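Please load the coordinates in your viewer and keep the selection panel open.

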Amino acid sequence: MSALLNKKYLPFYATVLVFVAIFLIGGATYRNFLSMRVLGNILADNSFIIIAATGATFVILSGGIDLSIGSMIGFVGVSVAVLDSLGWDPLSSAILMLIFGFAFGAFQGWVIDSLDIQPFIITLAGLFLLRGLCFMVTVNAVPITHEWADLYSDIRIRLPGKGLLRSSAMVMLASLAVAIFIAHFTRFGTNVYAIGGDRESARLMGVNIRRTTVMVYAVAGFYSALAGVVYALYTKSGYPLAGNTLELSAIASVVLGGTLLTGGVGMVAGTLFGGMILGLISTLIIFNGSLNSAWILISSGVLLFGFIVLHRFLVSSFDIGNGR
Amino acid sequence: MQSRAVWPLLALAVILIVDGIISPNFYDIRIVEGRLFGNLIDILYRAVPTALVALGMAVVIGTKGIDLSVGSIAAISGAIIAWRIQAGDPHGLVLVWALAAAAVCGAWNGALVAGLGIQPIIATLILMVSGRGIGMMVNLFYGGTDPSFQSAFLQGLSTGSVLYVPTRLFVFTGLFLLLWVLIRRTALGLFVEATGGNAAASNIAGVNARLIAFVAYVICGLMAGWAGVILTADTHTSDPVSVALYIELDAILAVVIGGGSLAGGRIYLGMTVIGALVIQTLTTSILISGLPPEYNLIIKALVVLFVLVLQSDKARQGIAAALWRRVRQ
């Protein structure tokens with residue numbers, strides 16, 4: 001019981017509370033909002049953002065940042081689509097792109113640690129590079145026509161109350177479960193928290209900083225690539241501008257999910273709720289019909305503000321951060 | 001000349017020399033319709049918005065901070081311009097409104113960072129996410145379905161020319177000198193660098209580190225506001241969704257290429273401008289080289305990586321050690 005009341009989990013509880021509150025407000029305002037159907041749609045529509053944000057959670061927990069997420073989604077999407085037009089099946093191209101994502105992330109992590117350059121700048125170069133590669137692959141929107149893509153979108157589980165758990169949502173939940181396991185039940189996960197909390201202490205305690213950093217960015221690259229595959233199969237197309245500025249939504253999901261950007265504090269499961277909160281806001285504004293898309297941006301900003309201030313006061317009053 | 005200035009200048013020189021080889025009349029400058037024309041002028045002309053934002057960014061980075069919201073601030077100041085011109089304000093006053101809005105945005109960032117002690121990258125993320133929405137709301141607020149405007153004064157500042165030279169270069173030079181005097185001829189620059197170097201130590205030494213950080217964000221907001229004025233007056237319309245998109249990334253790159261470290265403690269105003277020129281020269285070079293524009297981002301990424309590797313002490317030592325081993329063998 002006392003473990004459940006640990007102050008470290010307060011931001012996570014706050015996130016879940018806000019999610020439930022917004023869902024209930026939506027339910028009170030609009031008929032049919034409070035349903036498994038809406039929940040299933042939000043899960044599916046935001047699956048790729050949440051997958052990417054799950055990978056970004058590792059980077060942020062380690063005290064770094066990854067700006068290359070959106071471009072990775074775009075690049076993987078166009079690659080899968082173009083490979084599809086060359087006769088590849090989606091499974092083979094997906095495996096190829098996941099390997100690429102892992103390797104590209106590992107390379108970014110290696111450069112960050114070996115050259116001692118800020119992650120912000122290296123992954124910014126990664127953002128430019130991958131977006132440039134998108135346009136090298138194709139400048140057009142390319143459809144994905146392989147029959148397996150149709151098969152993928154046909155997989156669904158019926159939920160009570162006309163709800164559907166689509167394949168994208170299933171991939172998302174599965175990858176989230178794997179991430180929770182990695183973060184909380186493996187030595188690598190503990191090392192990530194350690195170097196995010198205090199890099200120097202972690203090094204003195206024998207954590208291999210180089211290997212952990214490389215793995216952190218590799219995991220993030222893998223999850224971004226997976227998000228790209230899910231995005232491509234969900235929309236059944238590849239488009240070179242896809243995923244533009246999506247790294248921001250991913251980082252916002254992580255922050256809303258209760259992870260501190262200073263590193264070392266947070267829960268991977270929180271990112272699911274962070275991403276769902278962003279999805280709920282857009283859904284609410286679409287349900288309203290008369291509100292302009294500016295409201296999505298502004299309300300996301302207001303929520304971010306609320307959470308960041310909350311984190312700030314939690315950190316100073318309970319000293320759960322690393323004192324920065 | 002200090003060694004840190006060598007690499008960016010070398011990069012700029014190499015790009016310009018390659019340009020001269022690719023396109024023999026690259027350096028030509030002509031006078032057409034009472035103003036200078038040519039690739040070199042074009043590079044200076046187009047680099048102005050990024051360079052303005054980068055100068056403000058250099059000051060913020062000097063405090064060990066960062067400002068991601070500069071593009072959104074430019075969008076807000078652009079929206080204010082369209083709104084106040086359609087409301088019939090005198091155009092000089094419109095400029096004041098736009099810059100005042102930008103200063104308020106900077107003060108908001110400063111209050112979050114210096115007042116509440118929030119990490120700069122998160123604090124400015126809030127305005128980055130919501131700022132373009134605020135710009136869109138301003139456009140809707142006065143019922144303007146068409147946020148376009150005509151203003152001889154503002155368009156003169158942005159796209160006009162005086163004595164054959166584009167006016168915006170005078171605007172830029174004026175702002176640069178103003179900032180330079182503020183940073184290098186008053187104690188402000190010293191205080192900013194002290195704050196960025198070690199906030200706790202400078203606080204004990206009597207520097208009000210919070211106030212200094214706050215002022216830095218206001219300066220950055222004002223510079224971003226100026227960029228918004230130049231860009232919005234150029235297109236005669238407020239377009240909060242896409243104006244100055246990714247300018248924060250180019251501005252941060254310009255500062256880093258110019259030798260500024262994100263670890264804070266240093267402001268290099270002149271080298272930051274060189275950094276912005278490197279980025280714009282690269283973009284222009286790719287355009288005139290006849291390469292498909294798709295290559296633009298890739299080449300930019302590779303050049304950035306190259307400059308970063310050259311600047312990294314660890315990398316230089318590693319390369320030097322490898323070369324030395326080879327020589328000795």
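**Chain A as a whole**

Begin by selecting chain A of this predicted model: of its 324 residues, 55% are buried. Colour the chain by secondary structure, and 14 helices and four strands can be picked out. The radius of gyration of chain A is 20 Å, close to the 20 Å that the globule rule gives for 324 residues, so the chain is as compact as a globular protein of that length. If contacts within chain A are displayed for residues at least 6 apart in sequence, 80% of them join residues at least 24 apart.

**The contact between the chains**

Next, show chain B together with chain A. The contact takes 34 residues from chain A and 33 residues from chain B. On the chain A side, select helix 6 (119-137), helix 12 (246-256) and helix 14 (294-318), the elements that give two or more residues to it. Colouring this side by residue class gives 25 nonpolar, six polar and three charged residues.

**Helix 5 of chain B**

Now select residues 120-141 of chain B, which form helix 5. Is this helix enclosed or open to the outside? Buried residues account for 18 of its 22, so helix 5 of chain B is largely enclosed by the rest of the structure. Centre the view on Ser130(B), where helix 5 has a kink of about 40°. Finally, compare its length with expectation: at 1.5 Å a residue, the 22 residues should span 32 Å, and the end C-alpha atoms are 30 Å apart, which agrees.

Note on methods:
Residues are numbered from 1 along each chain as its sequence is written. Chains are lettered from A and ligands numbered from 1 in the order in which they are written. This is a predicted model: local features need pLDDT of at least 70, side-chain atom pairs count only at pLDDT 80 or more; totals for chains, interfaces and linings use all residues. Two residues are in contact if their C-beta atoms, placed from the backbone, lie within 7 Å. Ala, Val, Leu, Ile, Met, Phe, Trp, Tyr, Cys and Pro count as nonpolar, Asp, Glu, Lys and Arg as charged, and the others, Gly among them, as polar. The radius of gyration is taken over C-alpha atoms; the globule rule is 2.2 Å times the number of residues to the power 0.38. A residue is buried if 20 or more other C-beta atoms lie within 10 Å of its own, exposed if 12 or fewer, and partly exposed in between; C-beta atoms are placed from the backbone. The expected span of a helix is 1.5 Å times one less than its number of residues. The bend at a residue is the angle between axes fitted to the seven residues ending there and the seven starting there.
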